Amino acid sequence: MDFKVAVVAGDGIGPDIVKQAVKVLDTVGDKFGHQFEYNYTLAGGAAIDAVGEPLPEETLQVCKESDSVLLGAVGGPKWDDLGGNQRPEAALLGLRSALGLYANVRPAVLHDALKDACPLKPELLEEGGLDIVVMRELTGGIYFGERGRNEEGETAFDTLVYSKEEVRRIAVAAFDVAMKRNKKVTSVDKHNILESSRLWRSVVEEVAKDYPEIQLNHMYVDNAAMQLVSRPSQFDVILTTNMFGDILSDEASMITGSIGMLPSASIGSSKLGLYEPVHGSAPDIAGQDKANPLATILSVAMMLRYSFNLQKEADAIEEAVTKVLDGGFRTGDILSNGMKLVGTEEMGDLVAKNL
Ligand code: NAD
């Protein structure tokens with residue numbers, strides 16, 4: 001099959017890591033008989049330098065006309081003095097909203113070979129390791145509600161609003177993801193206090209009726225925050241609101257201990273998704289062959305799974321990454337005693353070779 005991928009390398013280590021992800025994608029194409037066509041386009045600081053704005057209309061067009069978007073990272077000290085909407089990071093919010101991406105998918109997987117990086121006691125993971133996906137609602141809730149202050153500036157308010165439709169579509173996305181995994185969804189809310197959580201829970205239960213194979217449970221957010229560090233193995237897919245998801249996805253990913261390993265996807269109702277590593281543009285190591293490309297390579301695996309429905313190919317990338325780690329190869333950020341230090345380029349080559 002043929003697929004069009006918009007490639008936004010961005011700033012800092014963005015071009016270094018995206019190059020490796022494209023290499024891996026090309027190898028997948030060769031091995032499995034697919035053709036990937038890349039449309040390179042600018043966003044973030046690179047776009048500010050070229051045309052004076054972080055998200056040019058042309059970039060949006062290229063992304064909209066593609067089957068998915070691969071993004072490296074944006075931002076850096078060079079553009080730090082610019083105001084809110086002019087900053088490189090504004091490109092991310094702009095892209096997500098223009099492409100209608102309302103679901104943020106953040107897996108947190110602890111690879112056996114990297115167990116030492118996990119800040120939790122090893123016995124807490126004995127039950128079944130750590131392989132969680134946090135599904136965070138991305139375009140609604142308290143981050144997008146009405147906000148303000150009274151005239152004297154003595155009180156301030158932020159409004160938390162969810163419509164049934166907003167809840168329904170993120171719930172459907174979460175159940176669909178769970179169907180491709182261990183078929184368990186934990187919906188996280190604050191049902192005992194918030195009216196919006198009561199609506200949330202009733203809609204989630206309604207959606208669950210269409211997925212009889214899925215085991216659903218509900219958890220209060222305060223309990224979920226505790227359970228993540230006390231019994232993390234119980235979770236498969238965590239479904240939650242924008243703000244709770246913001247917090248819980250960072251908590252879940254920090255249990256893995258390695259920022260250079262974490263992929264993410266933002267998806268919506270069409271097949272078009274945005275795939276990017278969780279980390280930033282790491283300007284301190286840009287262009288030095290030091291960046292860990294695995295988060296970006298694993299983001300490409302998510303692209304194959306969620307946008308292109310190529311399960312075997314996605315599994316192949318994840319297995320190749322596991323093999324490389326089991327072989328003792330590490331970039332500097334995940335290096336430990338007795339392991340072999342490799343650069344960005346070599347890490348990409350190793351994954352491609354192990355496919
Ligand atoms: P960062 O994630 O870029 O870096 C934090 C630390 O982790 C640095 O020491 C860096 O060297 C290291 N690191 C990050 N990714 C790595 C990788 N793949 N391999 C090896 N080491 C890695 O976060 P920051 O320093 O807070 O932000 C730098 C810039 O990135 C800022 O301009 C920020 O706004 C931007 N940023 C962009 C995104 C994005 O594009 N999605 C996300 C977060 C931050």
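**Ligand contacts and helix packing**

Guide: In this predicted model, a polar side-chain atom of E89 lies 2.3 Å from an oxygen atom of the ligand. Because the model is predicted, local features need pLDDT of at least 70 and side-chain atom pairs count only at pLDDT 80 or more, whereas totals for chains, interfaces and linings use all residues. Residues are numbered from 1 along each chain as its sequence is written, and side-chain values use heavy atoms, with hydrogens and water left out.

Visitor: How many residues surround the ligand, and which are the closest?

Guide: There are 18 residues around the ligand, each having a heavy atom within 4 Å of it. The closest are V74, E89, G280, A282 and N292.

Visitor: Why are helices α1 and α10 called oblique to each other?

Guide: Helices (H or I, at least four residues) and strands (E, at least two) are DSSP runs, numbered from the N terminus. Axes are lines fitted to C-alpha atoms, for helices over the stretch in contact, and angles run from 0 to 180 degrees between N-to-C directions. Angles under 35 degrees count as roughly parallel, over 145 as roughly antiparallel, 65 to 115 as roughly perpendicular and the rest as oblique. The axes of α1 (residues 14-32) and α10 (residues 311-326) cross at roughly 130° and come within 11 Å, and the pair is therefore oblique.

Visitor: Which residues of α1 and α10 meet?

Guide: From α1, V24, V28 and F32 meet K312, E313, A316 and I317 of α10, contact meaning heavy atoms within 4.5 Å. By class, this contact has five nonpolar, no polar and two charged residues (Ala, Val, Leu, Ile, Met, Phe, Trp, Tyr, Cys and Pro count as nonpolar, Asp, Glu, Lys and Arg as charged, and the others, Gly among them, as polar).

Visitor: How do you know whether α1 is roughly parallel or oblique to α11?

Guide: The axes of α1 and α11 (residues 344-353) come within 9 Å and cross at roughly 15°. That angle makes α1 roughly parallel to α11. The α1 side of the contact is D16, K19, Q20, K23, V24 and T27, and the α11 side is T344, E345, G348, D349, V351 and A352. By class, three residues are nonpolar, four polar and five charged.

Visitor: Why are α5 and α6 described as oblique?

Guide: With their axes 9 Å apart, α5 (residues 164-179) and α6 (residues 195-208) pack at about 45°, and they are therefore oblique to each other. Their contact includes V167, I170 and F175 of α5 and L199, W200 and V203 of α6. By class, it has 11 nonpolar, no polar and two charged residues.

How values were computed:
Polar contact = N/O pair within 3.5 Å; in protein donor to acceptor, adjacent residues only side chain to side chain.
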